[in-house]
Amino acid sequence: MRRSAAACLVVALSALIASGCGGSDGDDGATTSSTTATTAAERTLEALWRAPGEDVAIVPGTSDFGPGTVRFTFLVVDGQGRVVTRPTAKVWLAEDLKAKPFAETIAKSEPVGVPGSAPEPGEVQDVFVSHLKLDTPGKYWVLAEPVGGRKIQAVGNVVVNSATAAPDVGAAAYPSKTPTLANATLKELTTSTNPDPQLYRTSVADAIAAKKPFVVVFATPKYCTSRTCGPVVDVVSAVRKKHAKSGIEFIHAEIYKDNDPTKGENTWVREWKLPSEPWTFLVGADGTIKSRFEGTVSVNELDAAVKRLS
C-alpha cells in the first residue's frame, strides 16, 4: 500500500527517539550552565539540541524539496508519544549537527482539517509549518524548539534534491483526464464519507483547456496512511465555498485505480509523478503551477494561496 511521506518517516524516527534521545541535564529548566548563557549564534546545533530539556527527533510531514524556499511541516513528539502543540516553535538550520546554525526562523502551528470539526480518535490536530530558504541541494540539519511550556528540542534532516519529484511551482500542469460526474457516480469518484459534489464537475484537462485557474487535490480520504492527510479534501471543500463566485475550479482526484489500493496508483497520479499523498496544487489560467502543498494544508494557508491565484 502507498504510504505518505510522513508515515514512512515516523517509523524510522520513532526508533531514533527511543534509542538516541532523552532528557538533557537540567531538563526541568532549573539548572543553568555557561553553555546555556551562550547565544544561539555561538553554539553548534548539537549544543542547542542538548540544552536543558527533552531531546527528541523531528517527525517530518513533507520531504519533496528542490532548491529555493521549501515548506517544511513537522511534529514534535515527546518520549511518551505525545504530540507537543504550541502556537510557535523556534527553528534553526545548519549544514551539520556539529556546525553552527546559518539561519533561524519561526514555525507556526496550523490546524489539521477544518476548524471546528471533530477530530477522529488519535488524529493529529495541529502541525508546525516552516518556510526554509535552501538554495543549494544537499542534506541539512534542522532543530525545532516549541516556544513556551516544558522544554523540548527536536532534531532532524531536510534533504534538498536538484529537482522535485512532483511538479514544482512554474511547471506546466499535466492535462490529466480526471473523472467527473459526467462519466462516473459520486461513490465511484471519491472515498470521502461526506463528499462535496462540486469537486467533481470538471477535470484537470478541461480546466486547462478552458484556461481556468483551478485547485486540484490528489488524496484518498479512506485509505490515507498518515494521521494528517485525510482531512485535506475537507479543507479544499471549505475553501471552495469561500471562493464560490471567483471562477476558480476546485477538483478532487483519488489515488488508487478504482479506489482499490490493491490495484495500485491510478493514471493521473503517475502522470503527475507524485511520490506521496496527499498533494494540493494551484494552477493559473496559463496552465502553470502557482503554489503546491505536500501533505496537510490548513484552511488559512490554502485560502491565502487561492486569493493570490484569483
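**A pocket and a strand in the predicted model**

The second largest pocket takes up a volume of about 440 Å³. This pocket belongs to a predicted model, and its lining counts 21 residues. Nearest the centre of the pocket lie Thr69, Val70, Arg71, Val169 and Arg292. At least two lining residues come from each of β2 (68-76), β11 (289-294) and α8 (299-309).

Turning to confidence, the protein chain has a mean pLDDT of 88, with 84% of its residues at 70 or more. Residues 5-21 have a pLDDT below 50, and this stretch makes 29 contacts in the model beyond near neighbours in sequence. The pLDDT is also below 50 over residues 25-37, where eleven contacts beyond near neighbours in sequence are found in the model.

One of its pairings is with strand β3 (residues 88-94), which runs antiparallel to β6 and is joined to it by six bridges. Within this pairing, Ala89 has Pro146 of β6 as its bridge partner. Strand β7 (residues 152-160) also pairs with β6 in the antiparallel sense, here over seven bridges. Gly156 in β7 stands opposite Val142. Five residues lie between the strands in the hairpin of β6 and β7, where Gly148 adopts a positive phi near 95°.

Terms used:
Residues numbered from 1 in each chain as written. Predicted model: local features only at pLDDT ≥ 70, side-chain atom pairs only at ≥ 80, totals over all residues. Heavy atoms only, no water. 1 Å grid on protein atoms, 1.4 Å probe; cavity = no way out; pocket = protein on both sides within 12 Å on 5 of 7 lines; lining within 4 Å. Points joined across faces, edges and corners; volume = space filled by probe spheres on them. Helix = DSSP H or I, 4+ residues; strand = E, 2+ residues; numbered from the N terminus. pLDDT = per-residue confidence, 0-100. Contact = heavy atoms within 4.5 Å. Pairing = 2+ DSSP bridges.
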